[in-house]
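Morning, everyone. Please put the structure up on the screen, and I will walk you through it.

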Amino acid sequence: MTDTGVRRRPLLGVRWLASVAILAAVAALAYAAAPVTQDTVVHRYRPSVDSAGVAPGAESMAASLALVRPSADALHLELPCDAPGSTFATTSPAEWLDRRDSLTFNDLGNALYVRVTDGSVEATRNGGIVIRIDVAHEPGCVADLDYRDGLWQLAAEGRESLAAGGPVRVSEAWFTGFAASDSRSAVTIETRELGTSPTVVQILLLAVAVAALLIVSRELVVRGSKSRERASEAAGSRLKRLVANFGLVDIAVVTTLLLWIILIPVNIDDGWIAASARSYDAHGDFSALYTEPGAVYSFGYWVGWLQHLWLGVNSSALVARLPALALGVGTWAGLRSIGRRLDLPGRGGSVWLMAAVFVVGFGAWGVTLRAEPLVAALVVMSTLLAIRFAQGTRGWVLVVWAVVIALAVTSHTAGIIVLAPVIASWPAFRQWIRTESEARYLLIVWLLVVGSLVLIVWFIDSNIASKLESMRAFRASSSHDDSIAEEFLRYRNLDLSPYATPMRRMSVAFVAIGIGAFLLRVRRGAGLINLPAWSLVTGLIMLTLTPSKWPWHIGGLLGLAALVAAIELRKIEKPRWALAILGVVFAMSWTWSVSLPWTAFDLRTYEWTVFDPLTETVSSEAGLLPFELTSLVGWAITAGVVALLAAAVLRFRPDLHPPKPPEAVVLLGAVLVISLTASTLWSDSSDTEGWTFGGQNFASLRGDATCGLGDDIEVPVPGSLHPLSRGGVSDPEADLVSRAAGFSDRGVFESGGFLELGLNTVLPLANMESVGSWTTSGQALGEANTGKYRSDWFVLEPGDDEVILFVMGSYRRGDESELGNAVAIQWGEAGGLGVADAGVEQPALSGFYPDWALVSFTRPAGVDRVRLLLRDDTATSLESWVSSSLPLAVSTGAVGTVAESTGEAVLITPPLLPYFPCVEVPPFDRSIILPPGMIIQTWKVFWQQTFTGSVASDRWFRVGVNLDPPLVTAQIGAHTGDAGNVIFISQRYLTGSGARINGEFSLAE
């Protein structure tokens, strides 16, 4: 490594250099292993503090004890013991995880249950009594329960008891009975925070490691650099080449990437990342509490730290995507640089093919807050550095390479693929060792630098013990504990939503096409031209090491896939064109064989495909194409025509660098999927009278401050639930309409609730005596009545936008009106001859409802009256009865307006967060989450483990949302539901215990 010209000289001999590198590695390892400062938080809660909007005297009150780390280090409870019935209970997240598919949660006290009985106070944990003392219920009696270091102590009325027991896992805490409204009730809890602080020892070790690394890096650069003059000249020439080579293909790529960040639907993981980033300041780390309570993300701290700064600038989803756009442009620049070094034509078919494949891959996986665009950029940079290294540049390449590897490996588990170009460069390393005497030592020094940098970046603001704790929490989840043998799951998921979109499937097909073309090449030989293909193969193999098998990870290879496809398809010799085209035809037909939505919110007016269930094929969109995209024959004929045209152009105008026939077919497939995806998303945004994600992003470009989907979703206003007053004489014609629908005025009406039934543990509706309910259930077990009921007319005042019923019993679907049990409402319009019929509306209820279920109806325009219709036509089983409240009404408003006007904290399902830029994550008191006033969630996605008791027990008032036009699909990721799969919940509607537990509802004052 001798260079002519002026150059700096090494300061250390190679052995001294190795010694300093060892010092850096030892200091970095000691830094990672050193203890950190673990902060704790103490939180005290009294139920008399009406933080959730619940009036004093309520029979149940949830304490704000949702812990980020669910295991309490210490707990102190003060519970009044002068009146039996006082109770304190906690829920356990571990128990909820076992019931994640259930809508009921009947074991609220399984973590810790403290109750005052007729003659004692006792505490049970996991169903077994831990500690107990006898009490006489003297006036002013307060029981004190204390837990710390595995020891329980209970004291009351001068009596004490000690017992040993395990820790308490707290997901939520409840006061019930007399304790819920007594000012003496209190609970104090101490728990660890997620975030840690470095110690003085760690800071000193870090300083030593960084200083040693700076010395070693300087020595590596000096030993392998060219002269300053030559380096300066090379930098200037690179800039000139960059400007000179910037052409139409680069403009097309950048323009399409700009279009993608506006139109491409949200990655369902983006909301999780945004929620974690926004809550960073609350507890000093990036918590995974939404899925794995007590865990923080083991990788990507430095990425998340930058993201949380950027997301703090603006809550717009479009602004959040700008870093991905910058990474995409950088990745493309790197691909262009590599192409020039590997003699890929700078203009013509090959570079357009590389651009098309790259644009498809970036649209499929790169428009995200996840790590894939970053990993893809670092992998391309690693490949460029590998080529520079093989071409003889050593010093600065090794240093930059070490930094790239450290950043990629610590950004995500899939970042390990950045090592693929390093492994593929083994021949260059071997040649270096053979030709230079110091190379062996310098290689060892470089490996020590890489290891030291990985340790420093990975364990910033943490240590090995903390990382292992989080990794264990993650591996407890089945989604983060996949083995190498389960790698096939990654590709099987490409048949499922949200991965089974043509663009995502085609990006994976391009990976296979590039590798297949490499294997088809007759004279592969040796040389740099093979390095991208070997790197791609090695990267796919290294993905088997990731502990989860999400197809997202393939996005880290999107740059390499584009490069390999362009190089290898160009290198296929003429005798093998037909075989290559045949493989491409199969790949293209596979790409379109399944076409599912990206998310439930990607399209509002149009649909992606038209599926024929008889032939099980997907037709081309709107008949714009001459063949079905799933048809092998259609693709074969089209490929033949395109190949002939490409061959003709190649023969007569080779100076244009036209695409070869295999390239032309791949280019056609890429252009089709790009144009169909872009045109569909654009048309949907343009033609939809209402919210679309693209429209939300266009509004961001105009500077409009909106609440996105929250401006279109109408939800009940908290506190507006109220009974209706009777009013109006029925028009005889309206009665005929109700009779024709199968409803009349026969039956039994019982005001103030319904009689207790042995099969039903639900108590009467509380505080709704003025509303009333109607039932066919008798009190004696086995007795069942039949009948039909039609209530009086009720007046709908201005602002009564939704009519609500609480129903129980056994029902059939709403479209089966001839026989069976049914509930309905009849709309009316008051006039001179009485209340005239305005239509009968019947909800699609089906099955047996043992608990109160809510049914809502949107008030039609011009309607000012409503009445209940109920029918029980079956008496064949004990579950044949029906019951319903009389109509109630609520006012509605846009989510954004309601959330802003009430001033309450909103808890939102993370995948929905990008659609609601006005909604913030719930407030934190350091490592304790305060109860939100509202919840917005997707159907059956009870992700909020920290509020399992309240959500699963329906203590929150759940209502479907009004969205016009309705959603085209009812699926978000792997979570299926009904058409109203966004649910708005507010605890200000109701108080009392959960409906799933005892059916108690209270009208808000």
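How many aromatic pairs does the structure hold? It holds 22. Keep in mind that this is a predicted model.

Start with W401 and W446. Their rings form a tilted aromatic pair. The centres are 5.7 Å apart, and the planes make an angle of 45°. Where do the two residues sit? W401 is in helix α12, residues 395-409, and W446 is in helix α15. Buried or exposed? Both W401 and W446 are buried.

Next pair: W691 and Y915. This one is edge-to-face. Centre to centre we have 5.4 Å, with 85° between the planes. Now burial. W691 has a relative accessibility of 5%, so it counts as buried; the cut-off is under 20%. Y915 is buried too, with a relative accessible area of 3%.

Back to W401 and W446 for a moment. Which aromatic cluster are they part of? One that is formed by F389, W401, F429, W432 and W446.

Helix α15 spans residues 439-458 and packs with helix α3, residues 200-224. The angle is about 145°, and the axes are 11 Å apart. The crossing of α3 past α15 is left-handed. Which residues make the contact? From α3: L206, A209, V210, L213, V216, L220 and R223. From α15: L442, V445, V449, S452, L453 and I456. Sorted by class, that gives 11 nonpolar residues, 1 polar and 1 charged.

Now zoom out to the whole chain. The protein chain has 28 helices and 38 strands. Of its 1005 residues, 56% are buried. Take contacts between residues at least 6 apart in sequence: 78% of them join residues at least 24 apart. The accessible surface comes to about 39,700 Å². Carbon and sulfur atoms account for 59% of that surface.

To recap: two buried tryptophans, W401 and W446, in a tilted pair, and W691 with Y915, edge-to-face. That is my tour.

How values were computed
Residues are numbered from 1 along each chain as its sequence is written. This is a predicted model: local features need pLDDT of at least 70, side-chain atom pairs count only at pLDDT 80 or more; totals for chains, interfaces and linings use all residues. Side-chain values use heavy atoms; hydrogens and water are left out. Helices (H or I, at least four residues) and strands (E, at least two) are DSSP runs, numbered from the N terminus. Buried means under 20% relative accessible area, exposed over 50%, partly exposed in between (1.4 Å probe, protein chains only). Contact means heavy atoms within 4.5 Å. Accessible areas come from the Shrake-Rupley method with a 1.4 Å probe; for residues, only the protein chains shown count as cover. Axes are lines fitted to C-alpha atoms, for helices over the stretch in contact, and angles run from 0 to 180 degrees between N-to-C directions. A crossing is left-handed if the near helix is turned anticlockwise from the far one by less than a right angle, and right-handed if clockwise. Ala, Val, Leu, Ile, Met, Phe, Trp, Tyr, Cys and Pro count as nonpolar, Asp, Glu, Lys and Arg as charged, and the others, Gly among them, as polar. Rings of Phe, Tyr and Trp (its six-membered ring) pair if their centres lie within 6.5 Å; planes under 30 degrees apart count as stacked, over 60 as edge-to-face and the rest as tilted.
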